[in-house]
Amino acid sequence: MMEYPDDNREKNTGPDTGAGGKKHRGAEEGEGTGKKDGILCGVFIFLLAGGFLFCLFLPKDRYSESERRMLTPMPVLSAESVWSGRFMSGFEDYAADTFPFRDAFRGIKAAAARNVFFRQDNNGIYEADGFLAAMEYPMDRDSLVRAAERFRLVCGKYLTDENKVYLCVIPDKNCFLAEGSGHLSMDYADFEKQMADLADFAEYIPVSDLLERDDYYRTDTHWRQERISDVADRLARAMGTELVQDYEIRTLEQDFYGVYHGQAALPLAPDRLQYVVGEDILACEVYDWQNGKEIAVYDMEKAAGRDPYEMFLSGSLSLLTVKNPHARTDKKLVLFRDSFGSSIAPLLAGGYAQITLVDIRYIHPEQLGQFVDFENCDVLFLYSTLVLNHSGTLK
């Protein structure tokens, strides 16, 4: 038998570098990995529990100032609501509306959608050249038919051949933004033509050619009162009266963040809200039939509120009468309108002894006979494309 030298018999007598060493290091690494996993799990549980406690105990707002809407309330918990699935559906909306730091997360989402994923809109709102607008597409002809039918109902019930009836369609901002920015848009010329044809009982007064992008607020739906005196002048002349446009423009001190600003959740600069005053406007006496009281042409309390545009004739009220004691005519006008009419009505006051503003989104036409005398009155249906394309809001 061959014998090996003694120095070859002893092996692995030095530092432990064999299988045993590998096992030892593996155990140490496994222990370290286990600690890291434990820390990560602890942090995750802490964040999850913290978020739950935030949702559970933080005060809940009922209204979103940024979005101008009521937030979803906590659904009623009952066996029936759970069994039907209504509770979980309602709770999902409630949780989304009351999540901590919701507005901050909405801003992050909006910025990522625009700058990272290059989406054309966020929540149906898009930005173009520093202006925000809602995507309004396609045209709903059935809605136009319904709007014309509601107007026809008013004419048939209250008007005679002595009344002169007019119609004007106000284009929304998409008319001046969508095509250049590559967004879907209605054919506004066709929209106006179809509405005029459907309302063939009224003389159509076009104003689109007088308007442009800068006539609208950058962050809001509406047109700027200080820029629509030419629109008011055309309406007045078409209806057989004249305006004395001796105005002074005043500017609110506070910033104006329009309705689109909160919905888009994008960090855009605010607007400045301006309004015009003149002898006729300051002399006007306004009566709010909805609340049974005298009000001002410009409500400065609302100007400092959540929606400063509501300063114009106190916002969306169902029925108002504006009397001008300095009028140089005895003409009267009944103006069927949406919120766009609130800011143009003071400009028209110089041409009429009385203007009655009616918003049939909030008062049914059948009730008008109790409050409005249509005798010897001109009638103007003045509506934005936003309302006409969604005429289900008209009663």
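Predicted model: local features only at pLDDT ≥ 70, side-chain atom pairs only at ≥ 80, totals over all residues.

Trainee: What makes up the chain, in helices and strands?

Mentor: The chain contains 14 helices and 14 strands. Of its 395 residues, 45% are buried. Among contacts between residues at least 6 apart in sequence, 73% join residues at least 24 apart.

Trainee: Why is Leu386 called buried?

Mentor: Buried means under 20% relative accessible area. Leu386 has 18% relative accessibility, so Leu386 counts as buried. This residue lies in helix 14 (residues 385–388).

Trainee: Which residues are in contact with Leu386, leaving aside its neighbours within four places in sequence?

Mentor: They are Glu136, Asp172, Thr221 and Tyr260. Glu136 is 250 residues from Leu386 along the chain, and their C-alpha atoms are separated by 7.6 Å.

Trainee: Why are Cys155 and Cys168 called buried?

Mentor: The cut-off is again under 20%. Cys155 has a relative accessible area of 13%, and therefore is buried. Cys168 has 0%, so Cys168 is buried as well.

Trainee: How many disulfides does a search of the whole structure find?

Mentor: The search finds zero. A disulfide would require a pair of cysteine sulfur atoms within 2.5 Å.

Trainee: What makes strand 13 largely enclosed by the rest of the structure?

Mentor: Five of its five residues are buried, so strand 13 is largely enclosed. In a regular strand the side chains alternate between the two faces of the sheet. On one side of strand 13 are Gln354, Thr356 and Val358, and on the other Ile355 and Leu357; all are buried, and both faces are covered.

Trainee: How do you know that strand 13 pairs with strand 11 and with strand 12?

Mentor: Two strands pair if DSSP finds at least two bridges between them. Strand 11 (residues 319–323) and strand 13 (residues 354–358) have five bridges, so they pair, and the sense is antiparallel. Strand 12 and strand 13 also have five bridges, so they pair too, in the parallel sense. Leu357 is the bridge partner of Leu320, and Leu335 also stands opposite Leu357. Thr356, in turn, stands opposite Thr321.

Trainee: Why are strand 6 and strand 10 said to stand at the edges?

Mentor: Eight strands form an open sheet of mixed pairing, in the order 6-5-14-12-13-11-9-10. Strand 6 (203–204) and strand 10 (293–295) each have a single partner strand, so one side of each is left without a neighbour in the sheet. Helix 6 packs on this sheet, touching strand 5 (165–170), strand 12 (332–337) and strand 14 (377–384). The direction of helix 6 makes about 170° with that of strand 14.

Trainee: What is the geometry of the crossing between helix 6 and helix 8?

Mentor: The axes of helix 6 (residues 141–158) and helix 8 (residues 188–198) come within 9 Å and cross at roughly 35°. The crossing is right-handed. From helix 6, the contact is made by Arg141, Leu144, Val145, Ala147, Ala148, Phe151 and Arg152; from helix 8, by Phe191, Gln194, Met195 and Leu198.

Trainee: How many residues of each class does this contact of helix 6 with helix 8 have?

Mentor: The contact has eight nonpolar residues, one polar and two charged. Gln194 is among the contact residues of helix 8, while Arg141 and Arg152 are among those of helix 6. Arg counts as charged, so Arg141 and Arg152 belong to the charged class.

Methods: Residues numbered from 1 in each chain as written. Heavy atoms only, no water. Buried < 20%, exposed > 50% of the residue type's maximum accessible area, 1.4 Å probe, protein only. Axes fitted to C-alpha atoms, helices over the stretch in contact; angles between N-to-C directions. Helix = DSSP H or I, 4+ residues; strand = E, 2+ residues; numbered from the N terminus. Left-handed = near helix turned anticlockwise from the far one by under 90°. Contact = heavy atoms within 4.5 Å.
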